[in-house]
Amino acid sequence: MTDETRVRGTAAWHGRIEHVRGADLGADTAQTSGMRRYEAISEKSVGSERLWMGRTHVGPATNSGDHHHGEAETAIYIVSGHPVFVFADGDDEVRVETGPGDYIFVPPYLPHREENPSPDEEAVVVIARSTQEGIVVNLPSLWAKVERPADDA
């Protein structure tokens, strides 16, 4: 086997590790009022085909708008602050209070919002989604009708 064949063969089944520095995250991603999302891992940044990952900041005493993430499952890791995740359960608004080191799972199409009740501390979370893009559908309320593909209903 020649060196050229070995390199081509390896490239066909081995990818390469991509490194995205925290200071290089892109802000050119879907946004929701009251928060700022930064894209780290995506098709655009590293060629990801099935995963999106990034960081979100919610300022002190700020709430995001109500939204959902379409077909994407969303996993969230709380880095700093004490964000509150809010969703509707029937007629009730459910509030999930978190802190650093906690994890949250948001199912596909679930209307929700993030709140940061702290008057002086920013909340920072790391987000991973099961789609390679940062899908964000902004809503007028947690009880807004959510359009789902027929096979997902």
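Predicted model: local features only at pLDDT ≥ 70, side-chain atom pairs only at ≥ 80, totals over all residues.
Residues are numbered from 1 along each chain as its sequence is written, and side-chain values use heavy atoms, with hydrogens and water left out. Local features need pLDDT of at least 70 and side-chain atom pairs count only at pLDDT 80 or more, while totals for chains, interfaces and linings use all residues.

The protein chain holds two helices and eleven strands (DSSP runs numbered from the N terminus: helices are H or I with at least four residues, strands E with at least two). Along the sequence the order goes α-β-α-β-β-β-β-β-β-β-β-β-β. Of the 153 residues, 37% are buried, that is, under 20% relative accessible area with a 1.4 Å probe, protein chains only. Taking contacts (heavy atoms within 4.5 Å) between residues at least 6 apart in sequence, 71% join residues at least 24 apart.

Strand β2 (residues 52-58) is mostly covered, with five of its seven residues buried. β2 runs antiparallel to β1 (residues 36-41), joined by five bridges; pairing calls for at least two DSSP bridges between two strands. Here Glu39 stands opposite Gly54. β2 also pairs with β10, again antiparallel, over seven bridges, and Thr56 has Val125 as its bridge partner there.

Leaving aside residues up to four places away in sequence, Val125 touches Ile76, Ile78 and Phe85, among others including Gly54 and Pro83.

Methods
Buried < 20%, exposed > 50% of the residue type's maximum accessible area, 1.4 Å probe, protein only.
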